[in-house]
Amino acid sequence: MSAAPSLSSNPLAFRRLQESLERPAAVFAELCTGDAAAGDRAVAEAMRAQVSDPGATVRALAVRFWHGLLGSPDIRLGPLPALPAPLGHLGRLPPGLRVLVLLKLLSGLNEVELAALLARSPAVCRKALARA
């Protein structure tokens, strides 16, 4: 079994990671806050705060990015504007469950990583996702 890929001294790989996170993070932030401008500010802040750690794996940096985004002061869960049919259900979810569902759909993180990110057990996250 090979070790997870790292970004050691590869700025191009680090930039690609950031690019792969930017669009899903912007969608996540806007659907959490209901405010595109606040969501964009939060994503920009999380991108600026992310530094290439030569020893870190791509996965570890992605988890660190989502953690930073969740900690942004601009990520305040607010009411959503009217959304088209496929997304309308999101506006009716309690805020915490909305965050979990959006992270599951957009972050690419697995159950254990999501649970750790939200300081919950994987079982609690599984039950909540089943309810959603």
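Q: Which hand does the crossing of helix 1 and helix 3 have, left-handed or right-handed?
A: The crossing of helix 1 and helix 3 is right-handed, a term for a near helix turned clockwise from the far one by less than a right angle, anticlockwise being left-handed. Both helices are DSSP runs (H or I, at least four residues) numbered from the N terminus. Their axes come within 11 Å and cross at roughly 35 degrees, where axes are lines fitted to C-alpha atoms over the stretch in contact and angles run from 0 to 180 degrees between N-to-C directions.

This is a predicted model, in which local features need pLDDT of at least 70 and side-chain atom pairs 80 or more, while totals for chains, interfaces and linings use all residues. Residues are numbered from 1 along each chain as its sequence is written, and side-chain values use heavy atoms, with hydrogens and water left out.

Q: What makes up the contact of helix 1 with helix 3, by class?
A: From helix 1, F14, L17, L21, P24, A25 and F28 meet V58, L61, A62, F65, W66, L69 and L70 of helix 3, contact being heavy atoms within 4.5 Å. By class this contact has 13 nonpolar, no polar and no charged residues.

Q: Why are helix 2 and helix 3 called oblique to each other?
A: Helix 2 (residues 36–49) and helix 3 (residues 58–70) pack at about 135 degrees, with axes 9 Å apart. Angles under 35 degrees count as roughly parallel, over 145 as roughly antiparallel, 65 to 115 as roughly perpendicular and the rest as oblique, and helix 2 and helix 3 are therefore oblique. Their crossing is right-handed.

Q: Which residues of helix 2 and helix 3 meet?
A: A42, V43, A46 and M47 in helix 2 meet F65, G68 and L69 in helix 3. By class, that contact has six nonpolar, one polar and no charged residues.

Q: Which residues touch the most other members of the largest nonpolar core?
A: Of its 34 residues, they are L21, F28, F65, W66, L69, L90 and L103. Helix 1 gives the most to this core, with eight residues. L69, leaving aside residues up to four places away in sequence, touches A25, F28, A42, V43, A46 and I75.

Q: How do you know whether A119 counts as buried or exposed?
A: Buried means under 20% relative accessible area, exposed over 50% and partly exposed in between (1.4 Å probe, protein chains only), so A119, at 62%, counts as exposed. A119 lies in the loop between helix 5 and helix 6, and its phi is near 55 degrees, a positive value in a residue other than glycine.

Definitions and conventions
Helices (H or I, at least four residues) and strands (E, at least two) are DSSP runs, numbered from the N terminus. Ala, Val, Leu, Ile, Met, Phe, Trp, Tyr, Cys and Pro count as nonpolar, Asp, Glu, Lys and Arg as charged, and the others, Gly among them, as polar. A nonpolar core is a set of buried Ala, Val, Leu, Ile, Met, Phe, Trp, Tyr and Cys residues joined through side-chain atoms within 4.5 Å.
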